[in-house]
Amino acid sequence: MIHRHWLAELKLEGDYIREDVPPGKIASFLAGFAASGYVGANVTVPHKEAAFRAVVRAEPVAAALKAVNTLWLEEGRLAGTNTDVYGFLAHLDESLPDWTARTKMAVVLGAGGAARAVVYGLIERDVGRIVVINRTRTRAEMLAAEIDARVTPAGFAELPQRLRETDLLVNATSLGMTGQPPLDIDLGPLKPSAAVYDIVYAPLETPLLAAARARGHLAVDGLGMLLHQAVPGFERWFGVRPKVTPTLRSLVAADLGARERAR
Ligand code: NAP
């Protein structure tokens, strides 16, 4: 919907379609990509690591995360990047323009692929302290060890104490997503000036965001990240940098809403 909207808006010929590739077939699919007729692709979970291994050239952000979500061809060979970091930051910049000045400490829930991108983005913007809280503590420890010494791993038992100090709380777990268990946390101890960013976008208004708004926190939803992460890929493939507009946002939000109601 996002890419087709931009193609129509910019009057460009082209299409964006879905391919269902099972994990056992991803390596051969990407090995034959140059001959497939496509100019590029996005890959999603669980293929981002396989896509990283398949590229001849990875941009530094993708090399750091060892995960590629956007592919294109350079002289017939696969190149790739990871646009989740860009999407996460672009939407935060748009929602809270002075967030870097206000954010001395951030708490990130989750230690999966999306959390890695979030933490990388926070480090890129020089956030001084980042606490990664994850159900499986060893995963948080691995993330901290691999990414940066500013990252402290922790378990959910430490959450209330960490919330008191944090300027930005990010949910990068899959909890709260349609079909997943709820993210059951108490925002009571959260610093009153903190912003809350939920990167889950289905449903658009997650219980975490609703609770944050009810307590007067600035709430940043996951849809903006989804829309912004699509921009660099479109530009690579079609040669024009598209804009994330209120019209596009309304279109996708309406679609997400309709899907929720149909469940
Ligand atoms: P992932 O690699 O599978 O990681 C899932 C994370 O959620 C892990 O930290 C996992 O903890 C935690 N988790 C899952 N079930 C849990 C439970 N029952 N209790 C506690 N923790 C639980 O997934 P991902 O790719 O990082 O994606 C995470 C979410 O981000 C998804 O909802 C995805 O849709 C969203 N996302 C949004 C955007 C966007 O553009 N807005 C982009 C990327 C991802 P363990 O390590 O303990 O398993």
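**Close-up views of a predicted model**

**View 1. How helix α5 meets helix α7.** The axes of α5 and helix α7 (residues 113–124) cross at roughly 60° and come within 8 Å; axes are lines fitted to C-alpha atoms, for helices over the stretch in contact, with angles running from 0 to 180 degrees between N-to-C directions. Helices here are DSSP runs (H or I, at least four residues) and strands are runs of E (at least two), numbered from the N terminus. This is a predicted model, in which local features need pLDDT of at least 70 and side-chain atom pairs count only at pLDDT 80 or more, while totals for chains, interfaces and linings use all residues. Residues are numbered from 1 along each chain as its sequence is written, and side-chain values use heavy atoms, leaving out hydrogens and water.

**View 2. The residues between the two helices.** From α5, look for Asp84, Val85, Phe88 and Leu89, which meet Ala117, Val118, Tyr120, Gly121, Leu122 and Glu124 of α7. Contact means heavy atoms within 4.5 Å.

View 3. Thr83 lies in the loop between β4 (77–81) and α5 (84–95). Thr83 counts as buried because its relative accessibility is 2%; buried means under 20% relative accessible area, exposed over 50%, and partly exposed in between (1.4 Å probe, protein chains only). Leaving aside residues up to four places away in sequence, Thr83 touches Asn69, Thr70, Gln229 and Pro232.

**View 4. The two domains.** The protein is divided into domain 1 (2–82 + 230–242) and domain 2 (85–221), with bounds from an automatic or database domain assignment. Eight residues from domain 1 and five residues from domain 2 take part in the contact.
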